[in-house]
Amino acid sequence: MARSSSRKPPDAPPPDAMPARIEPCVAMLVDKPPKGRDWAFEVKWDGYRLAVHVEPGRVRIITRGGYDWTDRFAPIASEARQLGHEAMILDGEAVVLDDQGRSDFGLLQRALGRKPSLHDAREILFFAFDLLYLDGRDLRRLPLRERRRLLEPIVTGRAGVIRLSEEVDADGDEFFRIACAHGLEGIVGKRRDKPYHSGRRPDWQKIKCVRRDSFVIVGYEASTMPGAIGRLLLAARKGDGLAYVGGCGTGWTYQESVKLRELLDEIVTDAPAVALRRKGAVFVRPVLVAEVEYRAWTEEGKLRHPSFKGIRERAADDAGVCRLDS
């Protein structure tokens with residue numbers, strides 16, 4: 001492994017001890033991008049937050065929760081040994097990209113072997129966005145702009161599994177609009193002049209893209225709470241019929257859920273509008289439409305993180321109902 005220069009002047013300060021683990025800095029969720037020249041923006045990656053510890057003789061990959069997942073990310077650990085430094089801690093996100101270059105959490109889970117897939121661990125990329133320790137120096141006290149200045153020469157231009165999470169020099173509102181238009185999860189804004197602090201901090205802010213569509217209610221699953229709904233079963237238009245797109249189990253109060261179940265129990269049917277077998281499902285005539293906010297579509301064509309926002313009658317011309325083949 002390549003080594004950084006080891007000769008130091010006689011009056012150099014003693015090296016900082018390398019932390020065994022650093023609790024990550026976590027971005028606060030806000031509604032709008034921050035404004036001002038002190039803010040830098042990046043894509044919000046949809047994956048696993050990791051710290052890559054390069055130490056003399058070994059590499060450790062630590063999850064946000066403090067677990068050692070080095071074996072699960074072996075290609076990242078192997079490449080980290082080749083970055084030219086004896087000791088460092090990279091902060092970043094492990095992701096798998098879809099065919100349009102967007103990070104996809106479902107693809108990442110398959111690559112890690114949670115579900116059968118054609119993907120393998122070599123498709124997992126690590127996008128480094130911060131450098132917390134380097135060859136005897138704890139960099140957390142430095143402002144972000146200095147940490148990035150030290151990080152970029154280490155990972156810029158690499159085409160392997162370790163890559164740089166690029167900063168975007170753009171107005172936050174415009175960058176957010178473009179990110180959402182391209183189907184990304186969102187953006188992150190970070191103060192260039194601030195040191196690194198563990199925990200949830202206003203110095204880092206995340207703004208998530210949220211989509212909203214209308215879906216036909218084709219059934220429900222009962223809640224463990226008396227008289228309430230656990231999940232709505234939803235469908236979108238496809239061809240001349242409907243296709244199941246998953247369930248929605250959040251977005252209502254208990255009282256609202258009870259009223260919704262009373263409404264649906266009046267239109268129960270023995271002829272499901274979609275080809276779906278779910279134990280305990282109660283199917284209804286497809287005459288009501290739910291307004292739903294969600295983050296994205298999964299690889300299987302299901303809604304990711306749906307939240308119920310309202311209900312209306314289904315129009316005769318299906319105006320506004322989401323169509324999968326449009």
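Okay, quick term to start: buried means under 20% relative accessible area, exposed means over 50%, and partly exposed is whatever falls in between, using a 1.4 Å probe and protein chains only.

One caution about what we're looking at. This is a predicted model, where local features need pLDDT of at least 70 and side-chain atom pairs count only at pLDDT 80 or more, while totals for chains, interfaces and linings use all residues. Residues are numbered from 1 along each chain as its sequence is written, and side-chain values use heavy atoms, with hydrogens and water left out.

Let's talk salt bridges. By that I mean a side-chain nitrogen of Lys or Arg within 4 Å of a carboxyl oxygen of Asp or Glu. How many salt bridges does a search of the whole structure find? It's 27.

Take D91 and R49, whose side chains meet at 2.8 Å, N to O. D91 sits in strand β5, residues 88-95, and R49 in strand β3, residues 48-55, so this pair ties together parts that are 42 residues apart in sequence. Strands here are DSSP runs of E, at least two residues, and helices are runs of H or I, at least four, numbered from the N terminus. Both D91 and R49 are buried.

Now D138 and R140, a salt bridge at 2.6 Å, N to O. D138 is buried, at 11% relative accessible area, but R140 counts as partly exposed, at 25%.

R177 and E174 make another one, at 2.8 Å, N to O. They're 3 residues apart in helix α4, residues 172-181, which puts about one helical turn between them. Both count as partly exposed: R177 has 49% relative accessibility and E174 has 37%.

There's also a network of salt bridges linking E42, R148, E152, E167 and K190.

On to a sheet. Which order do the strands take in the open sheet of 4? It goes β1-β10-β9-β2, with mixed pairing, and two strands pair if DSSP finds at least two bridges between them. β1 (25-29) and β2 (39-43) are at the edges with a single partner strand each, so one side of each has no neighbour in the sheet. From one strand to the next, the twist averages 40 degrees.

β2 and β9 (residues 186-191) run antiparallel, joined by 5 bridges. One of the partners in β9 is K190, which bridges to A40.

And α4 comes back here: it packs on the sheet, touching β2, β9 and β10 (199-208), with contact meaning heavy atoms within 4.5 Å. The direction of α4 makes about 155 degrees with that of β9; axes are lines fitted to C-alpha atoms, for helices over the stretch in contact, and angles run from 0 to 180 degrees between N-to-C directions.
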